[in-house]
Amino acid sequence: HGVLGGVQAGYLDHVWKGDAIFTQEQKAWAADLNYHVPVELEFLISEAPLKMGDGVAETTLTVKWHMPPKTEGGEAPKPRTCSWPARFVNENGRWLYAGERWIAAEGPGVLVLHPARYEVAAKSVADVMPEVAPHVQSLFGFEPGSPFATRVQQVKIYPSMKHLQASIYLSYTDGLGGWNEPGEAIKIICGRSAPPGHFRGLLAHEYGHNATFELGPNSSKVAWWALEGVAELAGEKYSAGSRDRVKKAVREWARKDNLIEWPRLADFRGEAVQHYGQVYTQGHHMIVYITERFGDEPRTRWLALMANGEPIESAATQALGVPFSQIDAEWRADLKAQVEAL
């Protein structure tokens with residue numbers, strides 16, 4: 001009744017609060033009810049016998065749901081179904097939902113939670129994260145002994161995109177390979193035997209998001225293009241030729257006058273979702289431009305000011321010495337010159 005009524009507390013009352021990261025993920029899942037409430041929803045427990053332990057029960061949980069049309073008069077999405085092995089914890093005589101049943105693998109500075117039969121992929125993540133993390137920490141100016149650099153990073157492996165989407169919130173349908181929000185685990189999708197090379201760019205991107213969340217309490221409100229742009233910068237080291245591909249794509253948009261104004265790429269829940277490619281690629285290009293022109297530390301200071309509530313224009317003036325509108329104008333002029341020189 002909590003979910004169907006759009007009542008976050010009604011749902012969260014049935015969620016186990018013994019794991020801070022899982023609790024934050026569930027709060028974010030429930031917060032989407034402010035925007036999207038399913039018209040139909042079922043939580044189904046497997047008829048197979050529960051696996052019982054000391055105050056813990058495990059079984060297969062199946063969720064079936066149907067969301068309303070995204071726009072008035074629009075076509076309703078198809079009903080969706082997803083199942084996974086789930087845990088329930090008995091607390092004061094009440095059985096509370098405790099999330100997926102995970103298997104744990106560890107590496108230096110990382111805890112990998114994965115489904116059964118994903119041991120090879122989990123080991124790849126555990127082996128790669130100690131290599132990726134220092135690169136991202138250095139990019140953002142975090143010292144090796146800082147709280148961020150010494151915190152154990154949790155990574156959760158999901159076996160399918162549908163499962164990962166359902167873990168984010170019920171209305172989420174965009175394609176993705178990874179996810180990270182403040183206080184949550186890094187979530188990724190992969191095959192059972194994915195090699196280490198599969199993870200370097202993905203983990204660097206998502207850990208880059210994690211680094212921005214350290215910059216201030218309003219980090220998730222920073223323009224979406226800037227957040228994705230700097231995360232793409234964090235991951236480009238592990239993707240050969242990615243910067244050249246970005247430059248080529250953005251020059252072509254400039255040539256065709258298809259660059260999009262930054263405010264239209266700022267809101268994750270607004271128009272920006274219609275311009276997914278520009279959010280990432282145009283955002284990446286601008287972050288590279290700012291980094292090459294001003295340096296890593298001023299760029300990170302600019303992001304930090306915005307993460308603490310400063311508007312983009314004045315944050316740029318304080319951190320970069322130039323208002324963002326001027327940087328944008330000069331960026332566009334530079335692109336125009338490049339196009340004319342081709």
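Modeller: Start with the term. A cavity is a set of points, on a 1 Å grid over the protein atoms alone, where a 1.4 Å probe fits but cannot get out. Grid points are joined across faces, edges and corners, and the volume is the space filled by probe spheres set on the points. A lining residue has an atom within 4 Å of a point.

Two ground rules come next. This is a predicted model, so local features need pLDDT of at least 70 and side-chain atom pairs count only at pLDDT 80 or more, while totals for chains, interfaces and linings use all residues. Residues are numbered from 1 along each chain as its sequence is written, and side-chain values use heavy atoms, with hydrogens and water left out.

By the cavity rule there are 2 cavities of 30 Å³ or more. Helices (H or I, at least four residues) and strands (E, at least two) are DSSP runs, numbered from the N terminus. Helix 2 gives the most to the largest cavity, with 4 residues. By class, the lining has 11 nonpolar, 3 polar and 4 charged residues. Here Ala, Val, Leu, Ile, Met, Phe, Trp, Tyr, Cys and Pro count as nonpolar, Asp, Glu, Lys and Arg as charged, and the others, Gly among them, as polar.

The second largest cavity has a volume of about 40 Å³. Trp 29, Asp 32, Leu 33, His 36, Pro 38, Met 67, Tyr 169, Leu 170 and Ser 171 line it. That makes 6 nonpolar, 2 polar and 1 charged.

Now the open spaces. A pocket is an open set of points with protein on both sides within 12 Å along at least five of seven lines. The second largest pocket has a volume of about 500 Å³. Its lining has 23 residues, and the closest to its centre are His 36, Lys 70, Ser 171, Thr 173 and Arg 269. His 36 and Ser 171 also line the second largest cavity.

The largest pocket holds about 990 Å³. Of its 41 lining residues, Trp 179, Asn 180, Glu 181, Ser 220 and Phe 268 are the closest to its centre. Two or more residues each come from helix 2 (20-31), helix 5 (161-168), strand 9 (178-179), helix 6 (200-213), helix 7 (224-235) and helix 9. The classes are 19 nonpolar, 10 polar and 12 charged.

Helices 7 and 9 lead on to helix 12. The buried residues of helix 12 pack against helix 7, helix 8, helix 9, helix 10 (296-307) and helix 11 (312-320), where contact means heavy atoms within 4.5 Å. Helix 12 has 18 residues and reaches 26 Å from its first C-alpha to its last, close to the 26 Å expected. The expected span is 1.5 Å times one less than the number of residues. Its buried residues are Phe 324, Ile 327, Asp 328, Trp 331, Leu 335 and Val 339. They fall within an arc of 110° seen down the axis, so they line one face of helix 12. The arc is that of the directions from the helix axis to the C-beta atoms. Buried means under 20% relative accessible area, exposed over 50%, and partly exposed in between (1.4 Å probe, protein chains only). The face turned away carries the exposed Lys 336, Glu 340 and Ala 341.

Helix 8 (residues 242-255) comes next. Its 14 residues should span 20 Å, and its end C-alpha atoms are 20 Å apart, which agrees. Ser 242, Val 246, Val 250 and Trp 253 are buried in helix 8. These residues cover an arc of only 60° around the axis, which puts them on the same side of helix 8. They pack against helix 9 (276-294) and helix 12 (324-341). Exposed Asp 244 and Lys 248 sit on the face turned away from the buried side. Just after helix 8, Asp 257 takes a positive phi of about 60°.
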